[in-house]
Amino acid sequence: MAQEDGQPAGDSARRPLHRPAHDAPTLPRGPAVDLLTPIEKVLAIVTSLRPAAIRGLAALELTNVGRLIAHVPMRVEKLAAEAPIAELVAGQNVSARGEVVATRILTRPATSKPRFQAAVVDGASRLDCTWFNMSYLQDRITPGMRIRVEGKLSKYLGGLQLVNPKWEALPQQGVEPALREEILQPVYPASERAPTAVIHKAILTVLDVALPLIEDHLPDRYRSDRDLVALAEAYRLVHAPAHEDDYLRGRRRLAFDELLLLQLGVHLKRAHLRQTLSATPLTHSEVLDHRIRALVPFELTPAQDSVVKEVVADLTKPTPANRLIQGDVGAGKTIIALYGMLMAAASGHQAALMAPTEILAEQHFKSITQILANSPHSRVQVRLLTGATPAAERRAILKGLVAEAGSDRVDLLIGTHALLTESVRFASLAVAIIDEQHRFGVAQRARLRTSATVDDGTGEPKTPHVIVMTATPIPRTLAITLFGDLDISTVRGLPPGRKPITTRVVKHDKRSAVYEFVRERIEAGEQAFIVAPAIEDAGNAAAKSVKTLMLELQSGLLKGCHLAMMHGKLAPPTRDEIMGKFRAREIQALVATTVIEVGVDIPNATVMVIEDADRFGLAQLHQLRGRVGRGERASVCALLASGAITESGMARLEAIASTQDGFKIAEVDFELRGPGEIFGTRQSGLPPFKVADLAHDMDLLNLARIDAAAWVARSPELRAPDERLLRRRLMMRYGESLGLGDVG
Ligand code: ADP
Ligand code: MG
């Protein structure tokens, strides 16, 4: 397809303000080059690119023409038009040239960094250039040379000065290039061996030949309706922008492509699952509803009620539910899960609840057992299965899981998520609930669903209804991306009667006052969590460790109190034992890592101290804070700033102190640190986008989502002739990660 098609009509009439910045030689067009041609082959004829630079490009995986073109700049810099020094204006970005008349290095002892200075003269005008910490420039910029410099012009001691300007040597002999006009310079993800200028030159070399080879997978009509430029045009705009908004228009198309492909993949998968998988429809009635509610020692909030309604609607259908329940820490999600589990038991089927840690699994087991004990007639059998379950008991449970309904059948199984992957077989698993599973993305859940599918002997394999719960509030953009295949329910607000948690940011020098306070609360019979970022010391300026902190507190600030350590390196039985003692109030304060981050519910704990709080993510701090404020008494969270805290670090801590709304915090965290930081990049299953930026491309994402849903509804397999290319690119990109293989 030609690169000019689909351009907005008025476009060609606009005259460029200036020519794009390339004097790079371009390849002659010819049949010899295609998108897969290795770059050595095409770039060899460009004499100014040395083999080392070409190897540098290869190291960035820019190994062929297509990949080179697909390497999209992060932004475009505007470089000022070059002007005579006499005409430069302080406060502006400027570019000028002249002869270096003098250089020197200034080293003021101790107080300041070494500075290299060069005086550049153009006729009667002089410009002083200063570079900090770049003494090596002394060998490169020498008197007599002519150079071009650019940067922001400032006034200094009555003269004009550029600080740390960019510079380049002008040809020292022959004709100098004319004064450069204003240019737009794309800035690429680059490396030392392949700097952005080299990448740009390489791309410009192949651009004219490559663009006509790029086929568009979106129909013209579709594009023009959405004001999206053609694919080849988009690449031209980002690599060789002539106007300031060119880059943005090109980028918009490329970012949209990424988002649309993922959304199409997710919706395709979802449609496929809906059509091909079946689940056990559970029965529901008012009588059952009353019976379940009668067990619960409190009234459900309206927010809980409405999510229960959504869950009931899901579970009574013969298609597998696939729902995410999100709600702030302490919002009361467990009871909603239990409601669904009891529906399964009431219909004579089974349910499983998986938690990420043994501590949490055990806690769920206890509270669910307690709630069921409220009904003297309940014959619902509940079991806990974790790695710590003794072998004999484990055997008994496995047997119970496949027993005949009614006899010794285990109805509800609670455990860690190894439940679904191990040799655990269910007679009839209808509901699978995954708690605190925010670390799993689309691909992981796809796998889980498959592994949990059971053959119930009816000849039609049954997939359980899957409900995922998370207390890490997910910004909407991320929810759509990560969980686009899920229906989302939100439990808003907290149950009534919660005492707000007072959060204080405490500077390093006020630390002992915090522990004074901890001691007072302990002496009043309350309990505390004290969190440190690391288990052991890693030397020098590393984060504070649980072990060091424990020693310090034991022999000093909290001498005489019952303290215990809790961290991930302890054996699970030891952890459980400590947790048990803490629950029984035999231990007064736990010195812990973030292992206590999720779900732990100890209502008597009223103080949370977080050491080196600036080393944690905001969402994580919010989770940790949610460990207190669960009982009758008012709770306090102290965020202790590290000695090395920055101003922005302080601002982040103040932000979390000022609100208790987890969703607000998640949005802020997302803005500041990006999605990877919230979830831990690797675990998240987050699709790595090259161009799209989830924190800022919200509108595009919404458009992509709406379009993808409509597209798949209209063409559930993307099999129309004009969808062939789109389908191929989709499969290449997401076929494996989304498990689209079975979609066709
Ligand atoms: P999370 O959503 O973080 O998993 P939980 O389900 O653990 O929260 O609930 C937190 C606490 O609030 C529990 O002790 C639970 O019993 C209590 N709770 C839940 N719903 C209500 C309610 N409607 N009224 C009063 N207390 C509730
Ligand atoms: Mg929970």
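**Exercise 1.** Work out why helix α6 (residues 231-239) is largely enclosed by the rest of the structure.

*Solution.* Begin with the source: this is a predicted model, in which local features need pLDDT of at least 70, side-chain atom pairs count only at pLDDT 80 or more, and totals for chains, interfaces and linings use all residues. Residues are numbered from 1 along each chain as its sequence is written, ligands are numbered from 1 in the order in which they are written, and side-chain values use heavy atoms, with hydrogens and water left out. Next, take buried to mean under 20% relative accessible area (1.4 Å probe, protein chains only), and helices to be DSSP runs of H or I with at least four residues, strands being E runs of at least two, numbered from the N terminus. In α6, 8 of the 9 residues are buried, so the helix is largely enclosed; among them are Leu-231, Tyr-235 and His-239. Finally, the buried residues of α6 pack, by contact (heavy atoms within 4.5 Å), against α3, β8, α4, α7 and α23.

**Exercise 2.** Decide whether Thr-416 is buried or exposed, and find its contacts.

*Solution.* Thr-416 belongs to strand β12 (residues 412-416), and its relative accessible area of 14% makes it buried. Leaving aside neighbours within four places in sequence, Thr-416 is in contact with residues including Met-354, Glu-358 and Leu-385.

**Exercise 3.** Identify polar contacts of ligand 1, meaning pairs of N or O atoms within 3.5 Å.

*Solution.* A polar side-chain atom of Thr-334 lies 2.7 Å from an oxygen atom of ligand 1, while a side-chain N or O atom of Asp-601 is 3.3 Å from an oxygen atom of the ligand.

Definitions and conventions
A polar contact is a pair of N or O atoms within 3.5 Å; within protein, one must be able to donate a hydrogen and the other to accept it, and residues adjacent in sequence count only if both atoms are side-chain atoms. Buried means under 20% relative accessible area, exposed over 50%, partly exposed in between (1.4 Å probe, protein chains only).
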